[in-house]
Every structure is written in structure tokens, then in C-alpha cells.
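Thanks, everyone. I have a few minutes on one model, so please look at the sequence and the structure as I go.

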Amino acid sequence: MDFEKIIAKIRTGKTWRFHGGIHPAEHKKESSETPIERLEPASVYIVPVRQHSGDAGTVVVKIGDHVRKGDPLTRSSGRRDLPVSAPTSGTIAKIGLHTAPHQSGLEDLEITITPGAPLHYP
């Protein structure tokens with residue numbers, strides 16, 4: 001098939017030979033009539049150490065440490081792992097297994113942060 005024939009098929013909308021696809025209900029009416037509200041900060045933040053299919057990074061904080069938003073929680077070894085940063089300022093409350101945010105429902109290493117006032121370093 002030459003390039004011109006491909007372009008002609010694309011313009012007619014008949015490039016592919018299958019019908020269907022997924023067409024979920026849009027529910028625009030429900031969302032367009034609901035006012036936007038400010039979400040209050042969470043009382044705890046549970047941060048997965050492994051946030052992709054690679055290895056978990058090395059945890060560089062300990063329970064009781066105070067962190068600022070953006071501070072490193074893990075360090076990368078440079079191999080199939082990624083560093084993870086604090087999503088908020090606060091205190092490291094727990095480092096341990098917790099149900100991972102994954103459809104498997106398995107446990108994985110996670111860091112719990114109790115938010116607090118931002119720390120000011122000199």
C-alpha cells in the first residue's frame with residue numbers, strides 16, 4: 001500500500017478493520033454541577049518506597065526524623081531503582097510493610113509521614 005492510499009483511508013476514517021472500542025458513560029452533568037472545593041491536607045501520608053516495576057531504593061531516613069517537602073526518603077543505587085522524595089514536611093512515623101497501592105493487594109515497604117509545620121533550616 002502506498003502513502004497516498006494510507007492518507008486517503010485515514011481521511012475517510014476507515015483505516016482499521018474492527019468495530020467497537022470502549023465508550024464509557026461520561027457523567028459530565030454530575031461533575032459540571034458540583035462546586036470545586038479545597039481539599040484539606042491528609043493527617044498521614046503513606047509513601048511507597050517502590051514506585052515502579054524496578055527495585056526499591058535504599059531508605060535514608062529513620063523513625064522520628066523530621067523532613068521537609070522534597071527531602072529524599074530513599075537513595076538510588078543506580079540500578080533499576082528510583083529515589084523517592086517527601087510529599088510534605090513532617091515527621092517519619094513508621095517505616096514498614098503496608099498494603100501497596102497495587103491491584104495485587106500485597107504488602108510492600110512504605111514510609112509513613114505525619115505532616116507538621118514546615119521546617120526552616122539556616
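The side chain of His-66 makes a polar contact with the side chain of Thr-91, at 3.1 Å. By polar contact I mean a pair of N or O atoms within 3.5 Å; within protein, one must be able to donate a hydrogen and the other to accept it, and residues adjacent in sequence count only if both atoms are side-chain atoms. This is a predicted model: local features need pLDDT of at least 70, side-chain atom pairs count only at pLDDT 80 or more, and totals for chains, interfaces and linings use all residues. Residues are numbered from 1 along each chain as its sequence is written, and side-chain values use heavy atoms, with hydrogens and water left out.

Where does His-66 lie? His-66 is in strand β3, and it stands opposite Thr-91 in β5. The C-alpha atoms of His-66 and Gly-90 are separated by 5.7 Å, with the two residues 24 apart along the chain. Strands here are DSSP runs of E, at least two residues, and helices are runs of H or I, at least four, numbered from the N terminus.

Between β3 and β5 (residues 90–99) there are two bridges, in the antiparallel sense; two strands count as paired if DSSP finds at least two bridges between them. The whole sheet is open, with four strands in the order β1-β6-β5-β3 and antiparallel pairing. β1 (45–48) and β3 (66–67) stand at the edges with a single partner strand each, so one side of each has no neighbour in the sheet.

On confidence, pLDDT is the predictor's own score for each residue, from 0 to 100. The protein has a mean pLDDT of 83, and 89% of its residues reach 70 or more.

Now the charged pairs. How many salt bridges does the structure hold? There are four, counting a side-chain nitrogen of Lys or Arg within 4 Å of a carboxyl oxygen of Asp or Glu. One of them joins Arg-50 and Asp-108, with the closest N and O atoms 2.9 Å apart. Arg-50 lies in the loop between β1 and β2 (58–59) and Asp-108 in strand β6 (residues 107–115), so this pair ties together parts 58 residues apart in sequence. Arg-50 is partly exposed, at 34% relative accessible area; buried means under 20%, exposed over 50%, and partly exposed in between, with a 1.4 Å probe and protein chains only.

Another salt bridge links Glu-33 to Lys-29, and both residues are exposed.
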